[in-house]
Amino acid sequence: MLWWAVLILGVAGNAWDIAGLRAKFPDPGATMPDPVNRHPEGDMAQRRAYDWANAHLPHRAILQHNPAQLYRIFDFGLYSRNRVALADGAANLFGASAAMAQARLDAIQPVFERPLPPAQISRIARANHIDYLIFADIDPVWKGADGPPPALSCLYRNARTCIV
């Protein structure tokens with residue numbers, strides 16, 4: 001009798017899950033996210049840059065993207081074996097406090113926001129243990145110069161990304 005009760009309960013639970021999934025309508029008040037792939041050409045260019053980094057940069061090197069970008073498909077260097085100094089402004093997943101993440105964001109962000117002298121970029125990178133920077137066409141400094149920061153030479157470059 002117990003076996004039949006458990007079987008019926010299991011089948012009923014699955015049937016309810018199936019019916020519940022079919023009967024659920026989207027919440028009209030919810031905001032739908034924008035498409036993930038907003039800039040497919042730029043995303044593919046970044047993917048190629050990360051592929052190059054995987055093949056040519058030291059495994060332990062820190063490869064830093066712009067952590068202030070909200071809609072960057074490759075946050076956290078997901079397609080790279082290299083770590084980042086800061087993934088994004090809410091990078092307290094592994095124990096960093098919000099204040100520590102904000103302090104690092106404030107330190108790194110100017111490199112991607114406006115043209116800086118190479119010596120200052122180098123100082124900021126060294127102070128944050130960054131070995132390489134990856135600039136993309138969605139970064140404000142790229143948009144302002146219509147390319148990567150002009151004072152820097154790229155180790156890798158394609159039409160939409162540059163690794164310095």
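**Exercise 1.** Determine where leucine 152 is placed and whether this residue is buried or exposed.

*Solution.* Leucine 152 belongs to the loop between helix H5 (140–145) and S3; helices (H or I, at least four residues) and strands (E, at least two) are DSSP runs, numbered from the N terminus. The model is predicted: local features need pLDDT of at least 70 and side-chain atom pairs pLDDT 80 or more, whereas totals for chains, interfaces and linings use all residues. Residues are numbered from 1 along each chain as its sequence is written, and side-chain values use heavy atoms, without hydrogens and water. Next, leucine 152 counts as buried because its relative accessibility is 16%; buried means under 20% relative accessible area, exposed over 50%, partly exposed in between (1.4 Å probe, protein chains only).

**Exercise 2.** Identify the residues that leucine 152 touches, not counting those up to four places away in sequence.

*Solution.* With contact defined as heavy atoms within 4.5 Å, the partners are Pro118, Ile121, Phe135 and Val164. Proline 117 is 35 residues from leucine 152 in sequence, with a C-alpha to C-alpha separation of 9.0 Å.

**Exercise 3.** Describe the sheet and the pairing of S2 with S4.

*Solution.* The sheet is open, with four strands in the order S1-S2-S4-S3 and mixed pairing; two strands pair if DSSP finds at least two bridges between them. Strand S1 (63–64) and strand S3 (156–157) are the edge strands, each pairing on one side only. Strand S2 (residues 132–136) pairs with strand S4 (residues 161–163) in the antiparallel sense over three bridges. Phenylalanine 135 is opposite cysteine 162 in S4.
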